Amino acid sequence: MLNMAEGVARLGALAASPVVSVLADAFAAAGFELAIVGGPVRDALLGRVTNDLDFTTDARPDDILRVVEPLATATWDIGRAFGTIGAKVRGEQVEITTYRADSYDGVTRKPTVEFGDTLDQDLARRDFTVNAMALRVPGPALVDPTGGVEDLVAETLRTPSDPGVSFGDDPLRMLRAARFASQLGFSLDPATERAMSELRETLAIVSPERVQGELVKLLRTDDPARGIRLLVETGLMELVLPEVPALRLEIDEHHHHKDVYEHSLTVLRQAIDLEHERHPGADPDVVLRLAALLHDIGKPATRKLEPGGGVSFHHHDIKGARMTRKRLQALRFDSDTITSVSRLVELHLRFFGYSEGAWTDSAVRRYVRDAGDELERLHILTRADVTTRNKRKAARLKAAYDDIERRIDELAAAEELGAMRPELDGNRIQEILGIGPGREVGEAYRFLLDIRLDEGMIGPDAAEQRLRDWWAARS
């Protein structure tokens, strides 16, 4: 809830900060206006921590450089074509942008860059009223031409202009709406949400890289499920991750089963809670959160209604891993992320036989070997995947996973489980068998690795003898 008295005090403190004061005085002395704009103003009013300092001014890029260069330890003008100059002042990174009055052609989301002359004109072109406020400095004076403060109080997201025009100009703003809904915990103005549904197809003009960027920002929030619901309800998710709305399986009158979509959102929330619990203060784990959201996307394609009212999803983990890889590739995710997320989806069911009968040490070693670098994420995902309301069943599964983690730790301490390599490397295998590099070395390596997994460390001498016996049996 917004407390205006406290918010005004925080705005005053922001305006009085050293970096703001020195820039405000310098621009005023040069005869230019300067204002803090957008997120920093919104977050100061809400009492949220922000690391950004964005300014806007009537000065043109060359004038901005001329004013800030004497104050800065570094400047960069990569955004000069859009009127933006970056600088490091008093140890803080800032961006200062000339007032803009852009226009759009409706074919691409790239604006025709036009510099503006007034602050109100600049604010009117922004995405949402809560981001269309500015703090003039020195002064300070709050400038809010579109009712951003009222919308902060109402916890509402609304576009400064007609939402059909705003989203038509830049369809990416529809994804930003979902992200801000999650980030701020706000609801959408009905007209704004309606426009998202009506204009969802225009998202097709946005590049996959930009869509991916907004999806990642959404997943990094504390409550991404809120924004995901909004994207599903407006139909936008069909153009981003169509596999997610497909999880809303129809419930057949004779084959009752839980809604996989709701289950997936619960798993996502529980994974985030466990992430915070196990790694407090760490950055949001987007790989884990993607895996939690997508872990069951193979279910619709593998769904089978069984006699007697049951439903099965055989091999949905394998199918889901393939679907995950394909979708993340389409969204231009990097190869490491694609590999990690798809691997987690593939492995997310691996544990669920453990609670029915304790695994051998060999099975535990293979679990660790197969998870590789994703073991900790797999721990969290597997625990989060328990959404049953049956308290006894939930407690049994938790106890079983506590046990497997304990056994992994014990084996790791005894056997350096993380390395998980045979006791003889490829060079030694070639020396013992008198062969050169090739397929047979790989087969021998896998033979020794199986021994390591099944029996643990047996010592290099015993490993050599087993290798010689294996090789002799092949001849």
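Which strands does helix α4 (residues 61-68) lie across? In this predicted model, helix α4 lies across β2, β3, β4 and β5 (92-98), and runs at about 150° to β5.

Let's look at the sheet itself. Its 7 strands form an open sheet with mixed pairing, in the order β3-β4-β5-β2-β1-β6-β7. The edges are held by β3 (72-76) and β7 (141-143); each has a single partner strand, so one side of each is left without a neighbour in the sheet. From one strand to the next, the twist averages 30°.

| Helix pair | Axes come within | Crossing angle |
|---|---|---|
| α17 (residues 361-371) and α18 (residues 375-384) | 8 Å | roughly 110° |
| α20 (residues 426-433) and α21 (residues 439-455) | 10 Å | roughly 110° |

Y367, V368 and A371 of α17 make the contact with L375, L378 and T382 of α18. By type, the contact residues are 5 nonpolar, 1 polar and no charged.

Likewise, α20 and α21 are roughly perpendicular to each other. Here G426, I429, Q430 and L433 in α20 meet V441, A444, Y445 and L448 in α21, and the residues of this contact divide into 6 nonpolar, 2 polar and no charged.

Definitions and conventions. Residues are numbered from 1 along each chain as its sequence is written. This is a predicted model: local features need pLDDT of at least 70, side-chain atom pairs count only at pLDDT 80 or more; totals for chains, interfaces and linings use all residues. Side-chain values use heavy atoms; hydrogens and water are left out. Axes are lines fitted to C-alpha atoms, for helices over the stretch in contact, and angles run from 0 to 180 degrees between N-to-C directions. Helices (H or I, at least four residues) and strands (E, at least two) are DSSP runs, numbered from the N terminus. Contact means heavy atoms within 4.5 Å. Ala, Val, Leu, Ile, Met, Phe, Trp, Tyr, Cys and Pro count as nonpolar, Asp, Glu, Lys and Arg as charged, and the others, Gly among them, as polar. Angles under 35 degrees count as roughly parallel, over 145 as roughly antiparallel, 65 to 115 as roughly perpendicular and the rest as oblique. Two strands pair if DSSP finds at least two bridges between them.
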